[in-house]
Amino acid sequence: MMPMPPPVVVFRDVSFRYAHQDVLHSLSFELRPGEVVGLLGPNGAGKSTTIKIITGILAAHVGTVQVFGLSLPERSLDVKQSIGYVPEAALLFESLTGQEFLELCGRLHLVDEDRLQHRIAELLETFGLASDRSTRLDAYSKGMRQKILIAAALLHDPALILLDEPLTGLDVNASVLVKDLIAALAAAGKTVLYSSHVLDVVERVCDRAIIIDNGAIVADDSPSNLIAAAGAATLEGVFQKLTGAGAPAAAAARIIHALHR
Amino acid sequence: MPFLDIHPARYRLLADLFRELTERRELFTQLGNDGIALRTAALLYFILIALMSALIAFSAPPVQVYSMVFQGIAVFMLFTILLSETGNSLVNPVEASVLAHRPISGATYTAAKLTHLSRILLFFVPALSAPPAIAGLLLKDARWFFPLAHLGIAAVAGVLVALFCCALYGALLRFIPPARLKSAAQTVELFAWVGFVFLGPATRRLSHLDPRPLLYALPPLVLLSLFALRFLSVDYLARVTAIQRGAPLPKTTRRSLIGPLIARYCGGPPARAAFEYTSRLMRRDYQFRRQAIALASTLALLGPALHSIPTDPFSSVFTPIHLVPHTIGLLTILLALILPGGGHHQASWLFRLAPPAALRSFVEGVWVSVWLGVIVPPNLLLAAALLWFWPVPHALLFALFSLGVGTAYSVAALPFIEGLPFTRQPIKRQPVMFPVLVVSGVVMAFAVALQHFVLFRSLASVAAAALVLFAASLALRPKALAVFEASSRFHLDCPHASLSVAPRSSHYV
């Protein structure tokens, strides 16, 4: 029997709080090499915080976090060298051009210059941004910025890719490309943690889905197992059941009633 | 090979990045990010200091006194400039969100930032210290090496001030929760500007100060600054990234007590909406507060006035207290220039969808918020302070007169508001700022002379002047509001935009 490869990410009993708000409560999970894991949860559930802790941007208050066997936050510099991260907010240096921004990101990760230029050209071409490479980012549309962020996350060929709502603002073609890209990355042995509200995409591309509600894990299994266990038709049904969303029809009726008052 | 945990390649990349952003004016109100502003400001300081040093050198003070005074002025000016620059440069959530997940050590980042800040020193240390260094040779007891010594000390002081500013922000980043960091940084900046009020008396004190204790204090100060500088190197980028979450929400939402009154008497729900929107965002909008803090230098005008507060203006003795009503008024005009700029200007689409009549009442609400927020509170404080020193009728009448002057300024400020509050990108340079300051200075000089020589000879004339000011403000307000409304429509790019003044016959209710 083949020995199981060591986990890429270990999250053990992690708790985190912002100034006056508990965000994560004793969260535990592991990510294995080559896995594509969907991180789901309602707004404010703690998905982005979880991802930021893995990137080393935030430090867990309680618990153990290890990425590639390195403890965080102590070894955050080494961890950052090997991760690609697409943040939820597309904040960029607006006065730089797309090409300049990608060069900056690649060089900060010490990518060899020839290789960097080749990768930038390929990525810009693939995302349909080749003709806008010399345009300043403040003139980019929301979708174009998102493509730049995704390209910047991949430039240094990271082993772990963290995607926080990567499809925001993308057109249909770009969304399909990103979905295929995730599958291709997993096939190439990369580990992908994918946070999204688009559940049918998670259902199609992820090997596993972790559902968080109020900072705690309420489900962690493959989408098909979750659907079967919950007796739901889709992952959306599972999500509603587990996160206590209530009856949407009743909520809609209540809104209409409030408007008529 | 990293040196002191500074990665040379990444250091160069970051230093180049900051220089590039400098040239392209990526960040707002950052002297260091704007080469032209940097040179212009340095040149202005140079001219001002050159005039001052020539004047003082001709009065032949002892060389030590002369040197201390100019070193004190230079340190203070550098402190205010660098404090603001360091704040803008270090507490920058956008930069942190791009760089925080990159493999950059705190030391590398800090070194690149210090390099960036040193550029400002290269401009301002010579601008503030070269003129007094050269003019100092005119002094009788000045030796041939005086210019070199003066410039050398100024350079060391400049580096110390830069270190201190970085250390101060490092300590803030370490000990203040991220949600309160931006406010804390702005409070520190505001305190520095308020120091202008005390610059005059402090300079006089400096001339009698023995410099030796200062020299003894230098080594511990340097050590302390270097120690505090380490705070920047810990998890600084992560903390700044956390700023994005913003301040925690208050547990209870306070309802404005004045809001319903404004809705009832000043133009219905849109006026109330404008009042609550403007007064809340004036306190909360980060970009607006950054600009407003820079205006605090106007408070320098209050310095002499506050020192002469015991002198009653009705006593025929000239007192700088006459300047106070105009300083408050001038602040209103300057605020009017920056009011349209805001950090969340993209939300201005909201106003494009508002019914045309709503905008008419909305601008009225904006004026009320400015009047109640900027004119009334300082005048109430003034009344309280004056009651302590002056006879009650004198104090109350002066406060009433000051309120009248402030009201007139607030009406005069309305045409300067180019767009609804917080609906435009903050303007990097205000071309009208300088002419406004010059004209305001002339108006203030005439008004102060009129107050001293004509009005404050009798209680009745002051009361009459106050009433005239209120009446004139009331009469001119509709016209001023109409101009403000037309400008707001123009800048919102409304389909019904028109530069002609619309009749204010109906209110949106």
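**Fold, core and interface**

Guide: This is a predicted model. In chain A, among contacts between residues at least 6 apart in sequence, 67% join residues at least 24 apart.

Visitor: How many helices and strands does chain A have?
Guide: Chain A contains ten helices and ten strands. Its radius of gyration is 19 Å, close to the 18 Å that the globule rule gives for 261 residues, so chain A is as compact as a globular protein of that length.

Visitor: And what does the C-alpha trace span along its principal axes?
Guide: For chain A, the span is about 55 × 55 × 40 Å.

Visitor: What percentage of chain A counts as buried?
Guide: Of its 261 residues, 42% are counted as buried.

Visitor: Which residues touch the most other members of the largest nonpolar core?
Guide: That core has 92 residues, and those touching the most other members include Phe101(A), Ile148(A) and Tyr194(A). Helix α5 of chain A, residues 142-154, gives the most to this core, with seven residues.

Visitor: What is Phe101(A) in contact with, leaving aside neighbours within four places in sequence?
Guide: Its contacts are Leu92(A), Phe93(A), Leu96(A), Leu137(A), Ile148(A) and Ala152(A). Apart from the core described above lies another, of 58 residues, among them Met282(B) and Phe362(B).

Visitor: Changing topic, how many residues does each chain bring to the contact?
Guide: The contact takes 25 residues from chain A and 25 residues from chain B. On the side of chain B that touches chain A, the largest share, five residues, comes from α1(B). By class, that side has 14 nonpolar, five polar and six charged residues.

Notes:
Residues are numbered from 1 along each chain as its sequence is written. Chains are lettered from A and ligands numbered from 1 in the order in which they are written. This is a predicted model: local features need pLDDT of at least 70, side-chain atom pairs count only at pLDDT 80 or more; totals for chains, interfaces and linings use all residues. Two residues are in contact if their C-beta atoms, placed from the backbone, lie within 7 Å. Helices (H or I, at least four residues) and strands (E, at least two) are DSSP runs, numbered from the N terminus. Ala, Val, Leu, Ile, Met, Phe, Trp, Tyr, Cys and Pro count as nonpolar, Asp, Glu, Lys and Arg as charged, and the others, Gly among them, as polar. The radius of gyration is taken over C-alpha atoms; the globule rule is 2.2 Å times the number of residues to the power 0.38. A residue is buried if 20 or more other C-beta atoms lie within 10 Å of its own, exposed if 12 or fewer, and partly exposed in between; C-beta atoms are placed from the backbone. A nonpolar core is a set of buried Ala, Val, Leu, Ile, Met, Phe, Trp, Tyr and Cys residues joined through C-beta atoms within 7 Å.
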